[in-house]
Amino acid sequence: IKEPFFLLFAWEMNNRDLAWSIETSGSTTEDFKNAWRHMHDIFEEEGAGNIDWVFAPNTFANGSPAYVDMYPGDAYVDWTAIDGYNWGTSQSWSQWSSFSGTFTTSYRHLLSIAPSKPIMISEFNTTDQGGNKADWYKEALTKEIPYNFPQIKAIVIYNEDRTAQENVNWKVNASLESLKAFKEAINTK
């Protein structure tokens, strides 16, 4: 493959729900950085020059490792990224949050450690529980991202019904209204 390939190596390394996370695996932030650098070096040695390495933690949460402590360094990272969700009122611990409410703290942390790197929202979506999903898409995609998050250069929507597993439907087309709002928002210039 000669086209660019985005590699999110050990994404959400700060999410203790994932087996490879720093906390769950019993490793340290230094172990994580060394593993990242080692994998990067192997890919380079093998001539895989089309890889864009994406550092993609979950949204910052108190108690999780600081992004700066996990960051492998500019020479090893091409993009920084954030995975995050508006869980609305779908969980006992969650409440409705705008895109800015979900991502501002993490975005600022990434800018502080890698100000020249493009930022990707590598996983995101909203529930409809506790607010209006269609309005959330419209605000996030036509106002919040373009005007408040200028370093964001790519977004990846997570689109799965996880009602059985997590009591939340992440599907863009959970309703005709949300699908229409999403389509209109991504086509706005």
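**Elements.** I counted seven helices and seven strands in this predicted protein model; helices are DSSP runs of H or I with at least four residues, strands are E runs of at least two, and both are numbered from the N terminus. Reading from the N terminus, I noted the order β-α-α-β-α-β-α-β-α-β-β-α-β-α.

**Ground rules.** The model is predicted, so I kept to its limits: local features need pLDDT of at least 70, side-chain atom pairs count only at pLDDT 80 or more, and totals for chains, interfaces and linings use all residues. Residues are numbered from 1 along each chain as its sequence is written, and side-chain values use heavy atoms, with hydrogens and water left out.

**Overall shape.** Along the principal axes, the C-alpha atoms fill a box of roughly 50 × 35 × 30 Å. Of the 189 residues, 44% are buried (under 20% relative accessible area; exposed is over 50%, partly exposed in between; 1.4 Å probe, protein chains only). Next I checked contacts, meaning heavy atoms within 4.5 Å. Among contacts with a separation of 6 or more, 71% join residues 24 or more positions apart.

**Helix 4.** This helix covers residues 99–113, 15 residues in total, and spans 21 Å from first C-alpha to last, close to the expected 21 Å (1.5 Å times one less than its number of residues). I did find a kink of about 30°, centred on Thr105; the bend at a residue is the angle between axes fitted to the seven residues ending there and the seven starting there. Its buried residues include Phe99, Phe103, Tyr107 and Leu110. I asked myself which elements the buried residues of helix 4 pack against. They pack against strands 2, 3, 4 and 5, plus helix 3 (67–70) and helix 5 (133–148).

**Ser94.** I found Ser94 in the loop between strand 3 and helix 4. Is Ser94 buried or exposed? Ser94 counts as buried because its relative accessibility is 13%. Leaving out residues up to four places away in sequence, Ser94 touches Trp87, Gly88 and Thr89. The Ser94 side chain reaches the backbone oxygen of Gly88 at 2.7 Å, and a polar atom of that side chain lies 3.1 Å from the backbone nitrogen of Gln91. I also looked at Gly130, 36 residues away along the chain: its C-alpha and that of Ser94 are separated by 9.7 Å.

How values were computed:
Polar contact = N/O pair within 3.5 Å; in protein donor to acceptor, adjacent residues only side chain to side chain.
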